[in-house]
Amino acid sequence: MRTLSLLLISMFLVTGCGAGGGSEGGTTSGSGNTVSDGGSNNGGSNNDGTNGGFEGGNDGASDGSSNDGSTPVPPPPPPPSDDFADQMLYAVNTARAQARDCGGQMMPAVDPLTWDYSLEQAAYVHSSDQANGGFMSHTGSDGSQPSDRVSAQGYNWASVGENVAAGQKDIDAVMTAWLNSAGHCKNIMSANYTQMGSASVSNSDTRYGIYWTQVFARPR
């Protein structure tokens, strides 16, 4: 039986009227068994509301500390262990170390992210929820949005973003899928974020078998 994979994105750049859910538009690509869905792009603070669309780009506030692409970013050192966190952070920071084309928009190289365990827990909660329920959405089974799940972990954020995927067998596969999708790629390459966490949870009784979540944020 063919393994299916699914991608979903929502970009939350929160400074005013807060976070909103992803719009699910579905474009099919690749061999016909990968689905990429649209998302939302918001500017605002820790409140409610929706603003923007999938191709809106990263229009949130930046703290000014991120590299603007005018100077090279050195590649990250090899991961210190085979732990999931080390491997995922290495994959993301390797991607961020070089400029890349995200769906026709050139994104400059940006400074590396650091790992945050509150963001990891927010990602784990959402991957577990999807794996247990066999669904794929940025909206949790309790109606929560990415910013809600980050706030629930006590993280005081200035901007929040989330990438979600399902069905990819490992970090290399899911990163390739995300980087080949414009919105997911923009989240990974965004200078608005300084920290991240991620998780994957498996459930062989569901359609996709494994559910991936990346959560990006910048603290206040």
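**View 1. Helix α5 as a covered element of the predicted model.** Helix α5, spanning residues 182–189, is mostly covered, with 8 of its 8 residues buried. The buried residues of α5 are A182, G183, H184, C185, K186, N187, I188 and M189.

**View 2. The packing of helix α4 against helix α5.** Two packed helices are described by the angle between their axes and the distance between the axes. Helix α4 (residues 171–179) packs with α5 at an angle of about 105 degrees, the axes lying 6 Å apart. Because angles of 65 to 115 degrees count as roughly perpendicular, α4 is placed roughly perpendicular to α5. On the α4 side the contact is made by M175, W178 and L179, which meet H184, C185 and I188 of α5. By residue class, this contact of α4 with α5 comprises 5 nonpolar residues and 1 polar residue, with no charged ones.

View 3. Strand β10 (residues 210–219) runs antiparallel to β9 and is joined to β9 by 8 bridges; here S200 has W212 of β10 as its bridge partner.

**View 4. S204 in the loop between β9 and β10.** The loop that lies between β9 and β10 contains S204, which counts as exposed because its relative accessibility is 71%, whereas the cut-off for an exposed residue is over 50%. S204 and A131 are separated by 73 residues in sequence, while their C-alpha atoms are 8.9 Å apart in space.

**View 5. The salt bridge between R149 and E162.** The count of salt bridges in the model comes to 1. In this salt bridge the side chains of R149 and E162 meet at 3.0 Å, taken from N to O. The pair links distant parts of the chain, with R149 in helix α3 (residues 146–152) and E162 in strand β8 (residues 157–166), 13 residues apart. Both partners, R149 and E162, are buried.

Terms used. Residues numbered from 1 in each chain as written. Predicted model: local features only at pLDDT ≥ 70, side-chain atom pairs only at ≥ 80, totals over all residues. Heavy atoms only, no water. Pairing = 2+ DSSP bridges. Helix = DSSP H or I, 4+ residues; strand = E, 2+ residues; numbered from the N terminus. Buried < 20%, exposed > 50% of the residue type's maximum accessible area, 1.4 Å probe, protein only. Salt bridge = Lys/Arg side-chain N within 4 Å of Asp/Glu carboxyl O. Axes fitted to C-alpha atoms, helices over the stretch in contact; angles between N-to-C directions. Parallel < 35°, antiparallel > 145°, perpendicular 65-115°, else oblique. Contact = heavy atoms within 4.5 Å. Nonpolar A, V, L, I, M, F, W, Y, C, P; charged D, E, K, R; others polar.
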